[in-house]
Amino acid sequence: MSSGDDGTGAESDGREGPPKHGLAGPAPEERPHPEGRRNSQGIRIDPEAEAEHEPRRAVLSALVEDEPGVLSRISGLISRRQFNIDSLTVGPTTVEGHSRMTIVVEETDPDIDQIEKQLGKLKPVITVGELDPDAVRTELVLLKVEGSEPDKVHAITEMYDGQTLDAGAETITVQLTGDEGEIDDAIDAFRQFGIIEIARTGYTALARGNQATAPGEKPGTANEPTRPTNTQ
Amino acid sequence: MSKQARSPDGEADADPEAGTADATDPETFEPATNGSESVIHALENAGVEAAFGVQGGAIMPVYDALYHSDIRHVTMAHEQGAAHAADAFGVVRNGPGVCLATSGPGATNLVTGIADANMDSDGLLALTGQVPSDMVGSDAFQETDTTGVTAPITKHNYFADDPDTVGDTVGEALALAGEGRPGPTLVDLPKDVTLGDTDTEPGPAEPPETTRPQYVADQPNVDEAADVIEAAERPLLLFGGGVIKADAVEEARSFARTLGIPVVTTMPGIGSFPEDDDLCLSWAGMHGTGYANMAITHTDLLIAVGTRFDDRLTGGVDTFAPEAEVIHVDIDPAEISKNVRADYPLIGDAGTVLDQLDDAVDRAPDAAGWRDQCLTWKEAYPMDYATPDDEPLKPQFVVEVLDEATADDTVVTTGVGQHQMWASQYWTFTEPRTWVSSHGLGTMGYGLPAAVGARIAADDDQEVVCIDGDGSFLMTIQSLSVAVREELDITVAVLNNEYIGMVRQWQDAFFDGRRMAAEYGWCPEFDMLAEAFGARGWRVDGYDEVADTVDEALAYDGPSVIDFHIDPAENVYPMVPSGGANGKFALTEDQL
């Protein structure tokens, strides 16, 4: 019932009327189509340098207003936009009513940019940005192991500069801090004793030296508390 | 990502003592005595003229405070309608609308309307009642975690916890709804807070200090963008809804005309540029015109203003404007390079940035050949339709008759589906804020309550026409009782094919014609139903009745409904299948 194969095009002045159901005009295969393409991230593909972005791990620091529900607003945004989050830590800052969140994500560069921008839109978020790779970062882990070889456990704990928090006849609990690689190494070393439970905090981090941890944030002192400045 | 500075002590700058209820008459002004009165004073201070809502237990204190207010309250028949009406009021007025509902089901019934406003960046303030604070969390009667439910679909929501500050909270929520990229906000109002004693008047409504947008684009980026505009051979402007929301229509039109750059709009951008202008190619996307989709496929420089590159616009991203560099102007940094990479990101207010670009561009691009090409496409892919004698009334014809019978400033609202596409394709829009529809969320039933809100918002001499489908009309038909009770002059044109037509079209094209749950085969007699509501009603089956009935309905000073029984086999074309290439739009079903 529908035409569309009659080649009615711009050059045809004596064009027939439109089909009963549908419209007149050159069919899709009769039209020119450009060769170019975009990748799945909406980036125009440059044949010279075609590069799909691979996921990488990024540490974000956000200065937020410490109001009810702020944690769920942030974690909810990350989950509903299907971003992969490795860890999230939160704690007070030098300013009453402000908290710092350290968020570790594993995403592509465009998605890391999106996470920062989407978090930046949230009302309680004062400022957010990615930390440089050289930022000071550490995580804390509590390890509960079998207590049958206390001397050996003690030696390994010393080796990794850890502390024994609890030692009983059946279990020993130690605390370790360090970057992710150090923690992973230590956990491997403790495996010989039989690990019963692990609790890890995920990274918390600060920028080095005089660099601001969150964009626009000024290094704070007791007299001059941390606060963001308007950089726009 | 750094935001606006806060004062050193972390406190907001606003001085609570500075507030005066300046919108109220000093002669009759009565200071607030409780939280509810403070809420209403905050609305009055902000110049709110109308609110749409439904009464209920937990919101009763706020309604009681409205009793003495000059704010026009429109009692809706369902909270979803209240949200849509407030949304449409905001679209027509270009400022946030206000809706109210009680706790529990009242609040959850608002959710669809809030989500709709969120997807279309429509300013909207929702005020919801809540059970008393000491009962929150106890699963009390009509308790719902409203801030939890609405967090993902609001710019921000607030749980009021103090009668002394609730007015300021409402003022802040209203200001935030309209600031930068508009959107919905919500304040949940526990009954003890609204009933609680206070003598604190709300201060001036200020948006939060952490959300201040950037208005002026960075000049180096503007200069770079200006250079590529001058050098472009096939430049194309893409105007989104943001152009209208930013009140940048004049700047946008002047920019296009000065530089001779053809214009495509998005659906929410309809009205930003006159569709009867030679430069205008109407709107692009899934059911956009063939010429708009050809232009957007072949441009070498896409200058996109106030759009978020929705998938219904882009089709498959791989084939979207595949050879174009993209200049993207938007006030929301998160929209830059979200779906389509911006080669030249310009974060700022649409009007401001267009002025900046206008200053920075020294000469118009040499685009005469490209303009001719666009005109050739207009010729090649006409939006013509046949009206064969042996087939029932064509919906396109009905839309064109309505358009011809009404003035340019007529406000058109729609539901969602085939009728919405025909309305947007065959009505020639020339003015901003005359196209009021549900785009991003695709909310069937939006049209009739939106017409109620648009009617309250529009000038008295402006017509308001709701083009609806039979499916959409049935979803919110109770709003007709509001139109009758409030004596609203609106004309509803139902394009009735006794199908969920868009679904039926897809079933025929992609599901081998299995018309599961899309085929009514029967509808109420909408003309008689309208009369039962107290509105006027007509039924139209043939071409020769269309014009006269339209004239009669438009002339009637009150709500009227015309039930147009249209060709049930008619489909919407052009069509870019989901994820397909815009340039490969189908003109008939066998091309899909």
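Domain bounds here come from an automatic or database domain assignment. On that basis, chain A of this predicted model is divided into domain 1, residues 56-130, and domain 2, residues 136-205. The C-alpha centres of the two domains of chain A lie 28 Å apart. Their contact takes 8 residues from domain 1 of chain A and 6 residues from domain 2 of chain A. On the domain 1 side, strand 1 (56-65), strand 2 (85-92) and strand 3 (98-107) of chain A each supply at least two residues. Strand 2 of chain A gives the most, with 4 residues. By class, this side of domain 1 has 3 nonpolar, 4 polar and 1 charged residues.

Chain A also meets chain B. Here, 57 residues of chain B are in contact with 60 residues of chain A. Three elements of chain B each supply at least two residues of the side that touches chain A: strand 5 (156-159), helix 11 (290-298) and helix 14 (368-380). The side of chain B that touches chain A has 25 nonpolar, 19 polar and 13 charged residues.

Within chain B, two helix pairs were examined. Two packed helices are described by the angle between their axes and the distance between the axes. In chain B, helix 3 (residues 79-93) and helix 17 (residues 447-457) pack at an angle of about 40 degrees, with axes 7 Å apart. Helix 3 of chain B is therefore oblique to helix 17 of chain B. The crossing of helix 3 of chain B with helix 17 of chain B is right-handed. From helix 3 of chain B, the contact residues are B:G81, B:H84, B:A85, B:A86, B:D87, B:A88, B:F89, B:V92 and B:R93. Helix 17 of chain B contributes B:P449, B:A450, B:V452, B:G453, B:A454, B:I456 and B:A457. By class, the contact between helix 3 and helix 17 of chain B has 11 nonpolar, 3 polar and 2 charged residues.

The second pair is helix 10 (residues 249-259) and helix 13 (residues 350-360) of chain B. Their axes come within 9 Å and cross at roughly 25 degrees. Angles under 35 degrees count as roughly parallel, so helix 10 of chain B is roughly parallel to helix 13 of chain B. Helix 10 of chain B passes helix 13 of chain B in a left-handed crossing. The contact joins B:E251, B:A252 and B:F255 of helix 10 to B:G351, B:L354, B:D355, B:L357 and B:D358 of helix 13. By class, the contact of helix 10 with helix 13 of chain B has 4 nonpolar, 1 polar and 3 charged residues.

Methods. Residues are numbered from 1 along each chain as its sequence is written. Chains are lettered from A and ligands numbered from 1 in the order in which they are written. This is a predicted model: local features need pLDDT of at least 70, side-chain atom pairs count only at pLDDT 80 or more; totals for chains, interfaces and linings use all residues. Axes are lines fitted to C-alpha atoms, for helices over the stretch in contact, and angles run from 0 to 180 degrees between N-to-C directions. Angles under 35 degrees count as roughly parallel, over 145 as roughly antiparallel, 65 to 115 as roughly perpendicular and the rest as oblique. A crossing is left-handed if the near helix is turned anticlockwise from the far one by less than a right angle, and right-handed if clockwise. Two residues are in contact if their C-beta atoms, placed from the backbone, lie within 7 Å. Ala, Val, Leu, Ile, Met, Phe, Trp, Tyr, Cys and Pro count as nonpolar, Asp, Glu, Lys and Arg as charged, and the others, Gly among them, as polar.
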